[in-house]
Amino acid sequence: MKAAALSLAQTPPLSVPYRFFLTAPLFAVACGVTLFWAGPDVLSSRWHPALLAATHLLTLGFLTMVMAGALQQLTPVLMGVQISYPLSFSTVIHLLLVAGTLALTAGWLWQKTALFTLAGVLLGLALTGFILVLLVTLRKARSGHTTVRSTTVALLAFAVTVVLGVYLALGYSWNGLERLPGMTDQHMTWGLVGWVSLLIMGVAYQVIPMFQITPDYPGPMMRWLAILMFLLLSCWSLVQIFFPQTIWLSHLAGGLLASGLVFFLLVSMNLLSRRRRYIPDVTLNFWRVSLSSLLLVVIAWGLSLTGTHDQLEIFFGVLMITGFSMSAISGMLYKIAPFLIWLHLNNYIQGRGHTRGNIPNMKQVIPERHARLHFRAHCLMLLLFILAVFWPDYFLRPAALLLIITAGILWNNLYSGFRLYKHIIRNQEA
Amino acid sequence: MAREYLLDAVDMEPPEPLVRAMELAEKLGKGDYLRMRHRREPCLLYDNLKQQGFSFITCTGSDVAYDVFIWHEGDAGAQSSVLTRADTLVIKLSSVKPSYP
């Protein structure tokens, strides 16, 4: 793998990604509060309004929030292309995404149709704007760069998710919009298997070999897997729409998609077992939990083919969102956030004509023991959520409480890194 | 007598290779150069080196993915030693015009 040409001048201000990073845990806290307030009944059906609100607080408020922030930084740093007016762009997208997510979840919690219209408009503007600008920017990147490919494909999957999501949101308030059968499943699958999984895969191609000191992912896999998964997802979608009665065709497309995910997790597990440095690392632990959850997701999906099991669908959602996605993203944050703080401090010191200032190393930006505390809380939270799927009366509220604590620790860890950055800048200027 | 300092960054996690390379580069004497072995191209290092007055060439073709040679800008002796040393390698990127001795 080759990194694109990189210049210090191309790095956008730290506030561009960091505002997203610091906002994301707050939405996870809001999710925990919603679940705690709604109580065990929330898991009685996947259509429970509070569960839909909680799900979107995590998928939009946490996962998309971090991924949107990270992409605005990774585009120049890894792919060598810069978004025009990065600060204004990130400010507008951040505000619209925050307001839109709040409006959407408030719509479900208070059953106000006008809020769905507001959410549809705000999220539609935020996310189409984000996707279009990123796609135009990525066209300027060196073609053939594997991360450019997988990010482009993930963004296209996100575009399908957003179109379906905005249509569904507007459908709550406009009677004229007919809700087609299976549309929610399409929205969920394009979001979780398309947008979230493909982007995690694309970023993993870069960050696992770079930070875990492993061999690179196989070249053909980096070039083709994301595209193949996108095509399979499109086939699955078309089968659902045009041949809803042909169950075997739908299972075949789903099975091939699941095989793509299993292939990714097996290669990743194999690479992680071949890392060159055997030192404890919290990001490695997060990756292991993430990939193990992905394996359980595929098994749960396989079991769900035997019939309709509401519990299994919720189990699938819990593992996919909190197990696979949140674990991978939390782990990556413990590399990306300290690295960005170090990078910006280094740029600042260089810009002032100094050689080496007192720049903290990555482990000093966010101490390992603080990240490890987060990891332990995260594992306990995940375990409690899995138990809550089957015994909600006993485990839902403890799980919700753990989610609040976990997100609080993450926020504190990210903020302490940012505080250190501000402190050093202030001292340099004094 | 030119001295080669070796930094094996193959097993290092970012940004350690950059930090160590800059620390060692600052200690180079007249005629000395630093050779950094790395498993990936250290793109972030280049601007740092330019800003601090160092020349460099990045080569491929040895037993490691990238060899980066670093010396003080204008140090003709070090430059000549580096170009001789890198003679059997493929120069991928250079901050100086490659004029072989």
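## Aromatic pairs

Rings of Phe, Tyr and Trp (its six-membered ring) count as a pair if their centres lie within 6.5 Å; planes under 30 degrees apart are called stacked, over 60 edge-to-face, and the rest tilted. By this rule the predicted model holds 20 aromatic pairs over all chains. In one of them, Phe315(A) and Phe390(A), the ring centres are 5.6 Å apart and the planes stand at 50°, so the pair is tilted. This pair links distant parts of the chain, 75 residues apart: Phe315(A) belongs to helix 10 of chain A and Phe390(A) to helix 12 of chain A. Helices (H or I, at least four residues) and strands (E, at least two) are DSSP runs, numbered from the N terminus.

## Basis of the values

This is a predicted model, in which local features need pLDDT of at least 70 and side-chain atom pairs count only at pLDDT 80 or more, while totals for chains, interfaces and linings use all residues. Residues are numbered from 1 along each chain as its sequence is written, chains are lettered from A and ligands numbered from 1 in the order in which they are written, and side-chain values use heavy atoms, with hydrogens and water left out.

## Second largest pocket

Pockets and cavities are found on a 1 Å grid over the protein atoms alone: a cavity is a set of points where a 1.4 Å probe fits but cannot get out, a pocket is an open set with protein on both sides within 12 Å along at least five of seven lines, and lining residues have an atom within 4 Å of a point. Grid points are joined across faces, edges and corners, and a volume is the space filled by probe spheres set on the points.

The second largest pocket has a volume of about 520 Å³. It is lined by 29 residues, of which Asn361(A), Met362(A), Lys363(A), Pro14(B) and Pro15(B) are the closest to its centre. Two or more lining residues come from each of helix 6 (183-212), helix 9 (282-304), helix 10 (310-351), helix 11 (362-365) and helix 12 (368-390) of chain A, and from helix 1 (16-26) of chain B. Helix 10 of chain A gives the largest share, four residues. By class the lining has 15 nonpolar, four polar and 10 charged residues, where Ala, Val, Leu, Ile, Met, Phe, Trp, Tyr, Cys and Pro count as nonpolar, Asp, Glu, Lys and Arg as charged, and the others, Gly among them, as polar.

Pro14(B) and Pro15(B) are joined by a cis peptide bond with omega of about 0°. Pro15(B) sits in the loop between strand 1 (4-8) and helix 1 of chain B.

## Second largest cavity

The whole structure contains five cavities of 30 Å³ or more. The lining comprises 13 nonpolar residues, no polar and no charged.

## Salt bridge and backbone

With a salt bridge taken as a side-chain nitrogen of Lys or Arg within 4 Å of a carboxyl oxygen of Asp or Glu, there are 15 salt bridges over all chains. One of them joins Lys335(A) and Asp281(A) at 2.7 Å, N to O.

Tyr85(A), although not a glycine, has a positive phi of about 45°. Tyr85(A) is placed in the loop between helix 2 and helix 3 (86-110) of chain A.
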